Amino acid sequence: MVDQVHQHRIKDKRLIRLLTQWWKVGYYDEGGSRVRSTRRVPQGAVTSPLLANIYFHYCLDLWANQRRKRRASGDVIIVRYADDAVLGFQRKDDAEALLRDLHQRLDRFGLSLNEDKTKLIRFGRFARQAGTQVGQGKPESFDFLRFTHSCAVKRDGRSFMLLRQTSVSRIRLTLQGVKDWLYRNRHRAVSEQKHWLTRVGRGHLNYFAVPGNVVRLGRFRTEIGKYWMKALRRRSQRYRIMWSRFSQFLQDALPKARVIHPWPDFRFDGRHSR
């Protein structure tokens, strides 16, 4: 089955050979003995995204697209990145039917859904109204590609808006990495620390600077500044850096929180006016 799926999507035989070898390379257990892998690649392996794209194009994308055209009674939207996917359905019965059949489909390929991350929720510009009718409150949010997606309204109080904010877990993980680096390298020159933190800030903006996310971008920038100040304070027991002065230094030291990406295309209903 592995070779059949590879050859279905890849014409380069050298890449197929490398993938097959990687598949069989195995791993070393705690005792130092080599264990041959028979079903999967190591977690976080460099080939995981490539294998996910190969497998899921064949066992999910093509299959779901056929169901969308032949069996769905309403609109269906499919967004997938590697092994993470979000499927939007106009009708609840279409979503329930596909989820039920998806378990059987993936089982044929030796795959399974992560039950902790798989759920059906009401979402979209009619979710609040539909939830109120059945006695539910605010529509649920979901995390996808390091963003928390939730239903919101524009400033006019009526028009729907898809709100995308940096997920809290991602912010905590990144800040912990920044904190660890600063405390390990607090002996370095301030200019070197500034250069590294600037690169971190720009990289964060390049990915997360989307409309509606300015508040969390600003909080992320502020938290980096606080960790930086604490690390510099530990360099000396005599000099105490005050936040009132250090915050002024941060105005030019770190990239400012701003939106650099446009709104999603209108066909995804990122913004919808009544």
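**Buried residues and a kinked helix**

Visitor: Where does Phe246 sit in this model?
Guide: Keep in mind that the model is predicted. Phe246 belongs to helix α9, which covers residues 243-253.

Visitor: Why is Phe246 called buried?
Guide: Buried means under 20% relative accessible area. Phe246 comes in at 6%, so it counts as buried.

Visitor: Which residues does Phe246 touch, not counting those up to four places away in sequence?
Guide: Gly225, Trp228, Met229, Leu232 and Ile241. Heavy atoms within 4.5 Å make a contact. As for Lys226, 20 residues apart from Phe246 along the chain, the two C-alpha atoms are separated by 9.0 Å.

Visitor: And Arg164, what makes that one buried?
Guide: Its relative accessibility is 16%, and the cut-off is under 20%, so Arg164 counts as buried too. You'll find Arg164 in strand β7, residues 160-166. Leaving aside neighbours within four places in sequence, its contacts include Phe147, Thr148, His149, Pro262 and Pro264.

Visitor: Where is the kink in α4 centred?
Guide: On Asp101, with a bend of about 25 degrees. Asp101 is also one of the buried residues of α4, along with Leu98 and Leu102, among others.

Visitor: What do the buried residues of α4 pack against?
Guide: Two elements: α3 (48-70) and β4 (84-89).

Definitions and conventions
Residues numbered from 1 in each chain as written. Predicted model: local features only at pLDDT ≥ 70, side-chain atom pairs only at ≥ 80, totals over all residues. Heavy atoms only, no water. Helix = DSSP H or I, 4+ residues; strand = E, 2+ residues; numbered from the N terminus. Buried < 20%, exposed > 50% of the residue type's maximum accessible area, 1.4 Å probe, protein only. Bend = angle between axes of the 7 residues up to and from the residue.
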